[in-house]
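Welcome! Take a moment with the sequence and the model below, and then we can walk through them together.

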Amino acid sequence: MPYSLRHAIVSLWIKAGVDPVEVARRAGHSVAVLYRFYAKVLHGTQTRANALIEQELGG
């Protein structure tokens, strides 16, 4: 699989909210490597994170 396609797929999984441990496993990375190279994908997701936390707290 070409690198750019692989990068796009992994980025899509992260943005979709797939568990990072599962994304790392499927990509053949450790979680540390996943975050080092793909952390930029998570920028701007604070609103979604806040909503998920509120939902779990029963809000």
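Let us start with the pocket. Helix H1 (3-15), helix H3 (31-38) and helix H4 (46-56) each contribute at least two residues to the lining of the largest pocket. This pocket has a volume of about 260 Å³, and 14 residues line it. Nearest its centre you will find Ile-14, Gly-17, Leu-42, Thr-45 and Arg-48. Sorted by class, the lining holds 10 nonpolar, two polar and two charged residues.

Please keep in mind that this is a predicted model. Stepping back to the whole chain, there are four helices and zero strands, so to speak an α-α-α-α order when read from the N terminus. Along the principal axes, the C-alpha atoms fill a box of roughly 45 × 20 × 15 Å.

Now for the way the helices pack. Two packed helices are described by the angle between their axes and the distance between the axes. Here are the pairs side by side.

| Helix pair | Angle between axes | Axis distance |
|---|---|---|
| H1 and H2 | about 165 degrees | 10 Å |
| H2 and H3 | roughly 95 degrees | within 9 Å |
| H1 and H3 | roughly 100 degrees | within 12 Å |

What does the angle of about 165 degrees say about H1 and H2? Angles over 145 degrees count as roughly antiparallel, and H1 and H2 are therefore roughly antiparallel to each other. Their crossing is right-handed. On the H1 side the contact is made by Arg-6, Val-10, Trp-13 and Ile-14, while H2 (residues 20-27) brings Val-23, Arg-26 and Ala-27. Five residues of this contact are nonpolar, none is polar and two are charged.

The pair H2 and H3 is arranged in another way. With axes crossing at roughly 95 degrees, H2 and H3 are therefore roughly perpendicular to each other. Pro-20, Val-21, Val-23 and Ala-24 of H2 touch Val-31, Leu-34 and Tyr-35 of H3. This contact of H2 with H3 has seven nonpolar residues, with no polar and no charged ones. Val-23 of H2 takes part here and also in the contact with H1.

That leaves H1 and H3. Their axes cross at roughly 100 degrees, and H1 and H3 are therefore roughly perpendicular to each other. Which residues meet between H1 and H3? From H1 come His-7, Val-10, Ser-11 and Ile-14, and from H3 come Leu-34, Phe-37 and Tyr-38. The contact of H1 with H3 divides into five nonpolar, two polar and no charged residues.

Methods. Residues are numbered from 1 along each chain as its sequence is written. This is a predicted model: local features need pLDDT of at least 70, side-chain atom pairs count only at pLDDT 80 or more; totals for chains, interfaces and linings use all residues. Side-chain values use heavy atoms; hydrogens and water are left out. On a 1 Å grid over the protein atoms alone, a cavity is a set of points where a 1.4 Å probe fits but cannot get out, and a pocket is an open set with protein on both sides within 12 Å along at least five of seven lines; lining residues have an atom within 4 Å of a point. Grid points are joined across faces, edges and corners, and a volume is the space filled by probe spheres set on the points. Ala, Val, Leu, Ile, Met, Phe, Trp, Tyr, Cys and Pro count as nonpolar, Asp, Glu, Lys and Arg as charged, and the others, Gly among them, as polar. Axes are lines fitted to C-alpha atoms, for helices over the stretch in contact, and angles run from 0 to 180 degrees between N-to-C directions. Angles under 35 degrees count as roughly parallel, over 145 as roughly antiparallel, 65 to 115 as roughly perpendicular and the rest as oblique. A crossing is left-handed if the near helix is turned anticlockwise from the far one by less than a right angle, and right-handed if clockwise. Contact means heavy atoms within 4.5 Å.
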